[in-house]
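This briefing is for a reader who has not seen this structure before. Please look over the sequence and the 3D view before reading the points below.

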Amino acid sequence: MGLADLWGHHWVGILLAASLLTMWSPPAAAQFTTDANPLTITQELLSRPTILISQAVVIEQREQVTLYCDTKDTNVTIHWFSNDLPVVFHERMLLSTDGKTLTILPVRREDSAPYRCQAQGFHQAQSSDSVFLTVNYGPDPFEIKVDSGVSSGGVVEVTEGSTVTFSVETQSHPPPDYSWFFHNNSTPSSTKRTVTIQAVSMEHEGMYRCLVSNSATHLLRLGALQVRVLEMLPKPHIVSSSLTPVENASSVTLTCQTSRKVTAVLWFLRGQALLPSEHLVLSADNRSLVIHGLQRDDTGPYECEVWSRGSQARSKPLMLTISYGPDRVDITSGAASGAVGTIQAELNSSLTLQCQAESQPGAKFYWTLEHSSAVYVGEQLIIEALTWEYEGIYNCTASNPVTHLARSASVLVRVAGPRSSLSARVIAGIALGILTLVTLSTGLGYFLCNRNARRFSSKKVEDPIQEGATPTSAEGPRAVSCSTPGWHSLSLDWPRPMYANLPEPEGQVGVKKVLPPGPPEQFYEKDLPSAPPRNYSHSPRKPLPKVAVDPSVPTLPKGNMESNYEVLVSPEYSIYCQIIP
């Protein structure tokens, strides 16, 4: 290393030592003395300043305050801080020439803050402790507020039955005291900032006052409010001009009706404020709402709200029932969801047809089958067992009794299966013919039996009860007996009869009975009454033998040619007796 390099390093060391002496501050007891040697320096440390304040608590706009920064050092600069920020001086602040005295005249609420001063010397500074300046103020002027009332010319209107809260908002330090006076009472009713009255009535109407005071500033503020209680509005109701509006066929007018005088009417659709349009038109006073070109989605709900001096009431929601349809008609089969046009089903299987159509009110459905006059009513057509007669085109018609509209759809039903040689109609015809023949035969038999019975009952033989006959034998009659109750048999020794006129019984007409010649066994019983006795037989009667009639014997009338019996006085069955030879 050369001589020049050694000389350069020497001067670098000297400059570095001087720089360290400049940046380092020795303790206050240390003292540097400068002499001919430029590296020797002597300096004293700064002392900590203090703040003196004329009064720490002052009243806004009434007093002033003076702050003094006390320091023993000289040749220092004084700086002021408020809230740890440099003080921004304004017209109310005065600063002495040496910067140690700060005067605020007059004080305001924004001057309330901690203050400190700082003494700045050569390459060093010292700050004082903070002092707090408190400024008392208020209460400021205020107004009484009501959360649920409406102000009208210095009067607040509240609704009867509502909940009302009175409150006061004011600025004050320290916090103020509150005193509420209701209805000109001298005794405070409350000492809180807010007062709530539940279920306001007419008794709560009047003047409300609130006195706010500050014990530090000795200021008082009084607020007053006139309260008017409005009678509760009854709920309005909406009246529709049509009870059965029809889509696209008419317009509907809705009227908001109320028994009170109101100042405003508002309309709501589906819970939102209604916006008028060409479709929804409001009248000048908003009392009526006209719906033009009614659509099925205009059902609502609709509400109207009335206002009267702060009181309000809203109607119940009104839903419109708009009739429309029927729309397109679809026919479905069984579990299938889509519409069908042709259905093929097995013979003797079941078939269910479903008819659907959107309609309000619900449509009525009518089913018809081609070449048949029968009409089936209902949404479903159920065929339990398919036969060939059910094959064909089925038509379903949906009709709306309100809109007077009808639409229809059809489906072709085909039956698959073997065909019989005789159709069901032919078999049914044969069965019907057989049934008719049996019915006619039964009726004819009944008619013939009934006619014979009537013929017997209608015959009136005018013969006497007993026929006088003079027996030729002295023996006389042997016995008379009745074999069964109601029917009698007569056993006689029957000689050759002799004819004679019988005397006429009292109260009766005598009739001759002419017996033809011949043995008694040639006489047979005649037809009996319609209610035959026991042991009676309907076997054919044997024909009577032809006999010669004596011309001297009177003949029987033609009406009695078939009768071989005397006419009975009493037509009781028990009187008849069978003739036994």
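Predicted model: local features only at pLDDT ≥ 70, side-chain atom pairs only at ≥ 80, totals over all residues.

Leaving aside residues up to four places away in sequence, T397 touches K364, F365, Y366, A406, R407 and S408.

- T397 is part of strand β33, which covers residues 392-400.
- The relative accessibility of T397 is 23%, so the residue counts as partly exposed, given that buried means under 20% and exposed over 50%.
- One of the residues it touches is S408; T397 and S408 are eleven residues apart in sequence, yet their C-alpha atoms are 4.1 Å apart in space.
- Through its side chain, T397 makes a polar contact with the side chain of N395, at 3.1 Å.

**A four-stranded sheet**
- An open sheet is formed by four strands, in the order β1-β3-β7-β6, with antiparallel pairing.
- At its edges are β1 (50-53) and β6 (93-95), each of which pairs on one side only.
- On average, neighbouring strands of this sheet are turned by 15 degrees against each other, with direction ignored.
- In general, the strands of a sheet pair through backbone hydrogen bonds, and the pairing is either parallel or antiparallel.

**Pairing of β3 with β7**
- Strand β3 spans residues 65-70 and strand β7 spans residues 101-104; the two pair in the antiparallel sense over four bridges.
- V65 has I104 as its bridge partner in β7.

Note on methods
Residues numbered from 1 in each chain as written. Heavy atoms only, no water. Buried < 20%, exposed > 50% of the residue type's maximum accessible area, 1.4 Å probe, protein only. Contact = heavy atoms within 4.5 Å. Polar contact = N/O pair within 3.5 Å; in protein donor to acceptor, adjacent residues only side chain to side chain. Pairing = 2+ DSSP bridges. Axes fitted to C-alpha atoms, helices over the stretch in contact; angles between N-to-C directions.
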